[in-house]
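User: Hi, I'm new to this one. Could you walk me through it?

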Amino acid sequence: MLTRPQNPPPVRAEALATLSAVRGAAQRAGRPAASITLIAVSKFQPVPAIREAHAAGLWHFGENYVQEGVAKVQALADLPLTWHFIGALQTNKTRVVATHFAWVHTVDRLQLAERLSAQRPVDLPPLQVCLQVMLVAEPGKAGLAPADVPALAAAVAALPGLQLRGLMCIPPATADVATQRVHFRALATLLAELQSAGLPVDTLSMGMSGDYEAAILEGATHVRIGTAIFGARPHPTEAAGPA
Ligand SMILES: *Cc1c(COP(=O)(O)O)cnc(C)c1O
């Protein structure tokens, strides 16, 4: 007979620790904890790990790959989770995403938005959409240039079946907090410009395991955290997104 309490599963402990770290960062930023949504990025992680993270109090999950993501959405349909698509999206895969996800954070061209709009099932609430911005031009990275954001935002906001919520970025990785903050502040400034232009946007999807504290200081409403919750991914070389 077991007399010792069992150790909690590691994912559960890390999920709790991350939730509390995000709350702490919110407090240091002088912001209500409820103004920040923690999206657990579960790419390459198995379904039981997602169940453990949910048991620890996480409700939002992010996936990067269409097939893998949809399989998990279906395997976890018994839980009231909110699914965020955060990967590069090919034009020919929009229908599955429009059908199975609540959010898409990575819209960077009008054609993608038009297809998601046309393919969002009418019996579902509007698909929540962020535009992905490439703040610093980096070869091979996704996202539209800051100068192109206002025009695409206005066009996307007018499409039925979608609700434009705001902006998303993955700035160049750096351990320097001051530099992290410069990038995140630039995204916040872009969002404020859209608001001044009359668009009802409210979302800054920014901050990952290595820089979420800086993102929260600069106004992040959604942080996307994988490694800190689930540990290193099984396939780290593919972690940055599809080629
Ligand atoms: C993988 C990924 C994350 C999570 O990255 P971690 O460093 O593991 O926290 C966040 N956002 C996007 C878009 C990703 O692809």
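User: Which element gives the most to the lining of the second largest pocket?

Analyst: Helix 1 does, with four residues. Helices (H or I, at least four residues) and strands (E, at least two) are DSSP runs, numbered from the N terminus. Keep in mind that this is a predicted model: local features need pLDDT of at least 70, side-chain atom pairs count only at pLDDT 80 or more, and totals for chains, interfaces and linings use all residues. Residues are numbered from 1 along each chain as its sequence is written, and side-chain values use heavy atoms, with hydrogens and water left out.

User: OK. How many residues line that second largest pocket, and which lie nearest its centre?

Analyst: The lining has 13 residues, and Leu19, Ala33, Ile36, Thr37 and Leu38 lie nearest the centre. The elements that give two or more residues to this lining are helix 1 (10-28) and strand 1 (37-41). A pocket here is found on a 1 Å grid over the protein atoms alone: it is an open set of points where a 1.4 Å probe fits, with protein on both sides within 12 Å along at least five of seven lines, and lining residues have an atom within 4 Å of a point.

User: What volume does the second largest pocket have?

Analyst: About 180 Å³. That volume is the space filled by probe spheres set on the grid points, which are joined across faces, edges and corners.

User: And how does its lining divide by class?

Analyst: Nine nonpolar, three polar and one charged. For the classes, Ala, Val, Leu, Ile, Met, Phe, Trp, Tyr, Cys and Pro count as nonpolar, Asp, Glu, Lys and Arg as charged, and the others, Gly among them, as polar.

User: Switching to the ligand: how many residues surround it?

Analyst: 14 of them, and the closest are Lys43, Asn64, Ser209, Thr227 and Arg233. A residue counts as near if one of its heavy atoms lies within 4 Å of the molecule. By class, this shell has seven nonpolar, four polar and three charged residues.

User: Which oxygen distances to the ligand can you give me for lysine 43 and asparagine 64?

Analyst: For lysine 43, a side-chain N or O atom is 2.7 Å from an oxygen atom of the ligand. For asparagine 64, the side chain also has an N or O atom 2.7 Å from a ligand oxygen. Arginine 233 has a polar side-chain atom 2.8 Å from an oxygen of the ligand. The protein covers 93% of the 390 Å² of accessible area that the ligand has on its own; such areas come from the Shrake-Rupley method with a 1.4 Å probe.

User: What's the phi of phenylalanine 44?

Analyst: Positive, about 70°, although phenylalanine 44 is not a glycine. Most residues other than glycine have a negative phi. Phenylalanine 44 sits in the loop between strand 1 and helix 2 (47-55).

User: Why does phenylalanine 44 count as buried?

Analyst: Because its relative accessibility is 15%, and buried means under 20% relative accessible area, exposed over 50%, partly exposed in between (1.4 Å probe, protein chains only).

User: Is histidine 60 buried or partly exposed?

Analyst: Partly exposed, at 21% relative accessibility. Histidine 60 is in strand 2 (residues 60-63).

User: Where is isoleucine 229?

Analyst: In helix 9 (residues 227-230). Isoleucine 229 is buried, with 1% relative accessible area. Between isoleucine 229 and leucine 19 there are 9.2 Å, C-alpha to C-alpha, and they are 210 residues apart along the chain.

User: Last one: is proline 125 buried or exposed?

Analyst: Exposed, with a relative accessible area of 54%. Proline 125 is found in the loop between helix 5 (110-119) and strand 5. The C-alpha atoms of proline 125 and arginine 233 are separated by 32 Å.

Terms used:
A polar contact is a pair of N or O atoms within 3.5 Å; within protein, one must be able to donate a hydrogen and the other to accept it, and residues adjacent in sequence count only if both atoms are side-chain atoms.
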